[in-house]
Amino acid sequence: MKKILFTLLIVILFFSDIMAQSGGKSRYLKPTNFQKKISTKISGKIRNYYSLSDEKPSIINIQGPGKLRVMSRGRFIPKEGDKIEYQIVYSVDGGELKLLKKSSVIRSKKATYLNGSLGVPGQLEDFEIVLGRGYHTLKFKIKDKKIPVAVRYVFTKTKEKKQEWLAFSPMLPSEPVDLITREETVNYYRFSKEKPLKVEINGPTELRVLSRVENHYQMRGRVHYRVQVKEKGIVINTYQLSSRRSEITVYENNKELIPGKACEFVINVPKGRHCYEILLLDEDKSSLLGRLLLLKKDVKLEK
């Protein structure tokens, strides 16, 4: 009996260690915009997939670090052959478009549509996207609409790597704004579409960017906004962020505004000298607050 209990304890500790390394349980995500559900029965259980369009991208917003598993099923429509192929086009944070081709896909033996008139689901095809820390926006489309495709998204959070960050100043001119968080003064810089944050930095390294909405007291609910990163006029990344009023941070010298909760993204800086512009895209918002952080181990690159 003692041997059995000891064995069970070892098994429990083993799986607990695996969960600790993975950082948390998996969760299913819905696109924020295009949500045409395709209910699919798999081994007796109903699963919701979401159709991909060849025109309007499906948008997934998520905060990393973690792994996003993208599970797709092509559809065998009536009079379709024994095999189908399709291509998924996707981008991460407004970066370059990537193409994923699935070929020689056969009919699934375990899955059926609740709506039988749709045809027959193809076998499950999946791939994984590894995401670093901070907010990420991913967009998914199909290259053409010949073969209908539906997708299911599963995100698994992973542990953040412990790293030490130091405040990093943008180029002048930049308008400084002091905020108070838990009795500590923190330096931010105001920026807009017309007056972006400009930063010169040596790579390879990571530049951590925190942004906050400037809320008036009458503003309520969640505020959505977009931030774009450019280098030499070329768009590097575009981030779709969302924030609420902060409950612990206030302006040091302004009682008419309330800062939003900080939203974070990370710019992966390649080797060499780079000059970035960070700007607000939305016309209906006047400005944002930004704070830059650089890895302590890479500060020597700036000396």
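My entries below go through the ring pairs and then the charges over rings.

I am working with a predicted model, in which local features need pLDDT of at least 70 and side-chain atom pairs count only at pLDDT 80 or more, while totals for chains, interfaces and linings use all residues. Residues are numbered from 1 along each chain as its sequence is written, and side-chain values use heavy atoms, with hydrogens and water left out.

I took rings of Phe, Tyr and Trp (its six-membered ring) as paired if their centres lie within 6.5 Å, calling planes under 30 degrees apart stacked, over 60 edge-to-face and the rest tilted. With this rule I found 4 aromatic pairs. One of them is the tilted pair of Tyr90 and Phe127, at 5.4 Å centre to centre with 35 degrees between the planes. Tyr90 belongs to strand β5 (residues 84–92) and Phe127 to strand β9 (residues 125–142), so this pair ties together parts 37 residues apart in sequence; strands here are DSSP runs of E, at least two residues, numbered from the N terminus.

I then checked burial (buried means under 20% relative accessible area, exposed over 50%, partly exposed in between, with a 1.4 Å probe and protein chains only). Tyr90 counts as buried at 12% relative accessibility, and Phe127 counts as buried at 13%.

Phe140 and Tyr153 also form a tilted pair, 5.3 Å centre to centre and 50 degrees between the planes. Phe140 lies in strand β9 and Tyr153 in strand β10 (residues 149–157), so the pair ties together parts 13 residues apart in sequence. Both Phe140 and Tyr153 are buried. I noted that ring pairs link Tyr90, Phe127, Phe140 and Tyr153 into a cluster.

Lastly, I looked for charges over rings (NZ of Lys or CZ of Arg within 6 Å of the ring centre and within 35 degrees of the ring normal). The charged end of Arg152 sits over the ring of Tyr28, 3.9 Å from its centre.

Notes: Helices (H or I, at least four residues) and strands (E, at least two) are DSSP runs, numbered from the N terminus.
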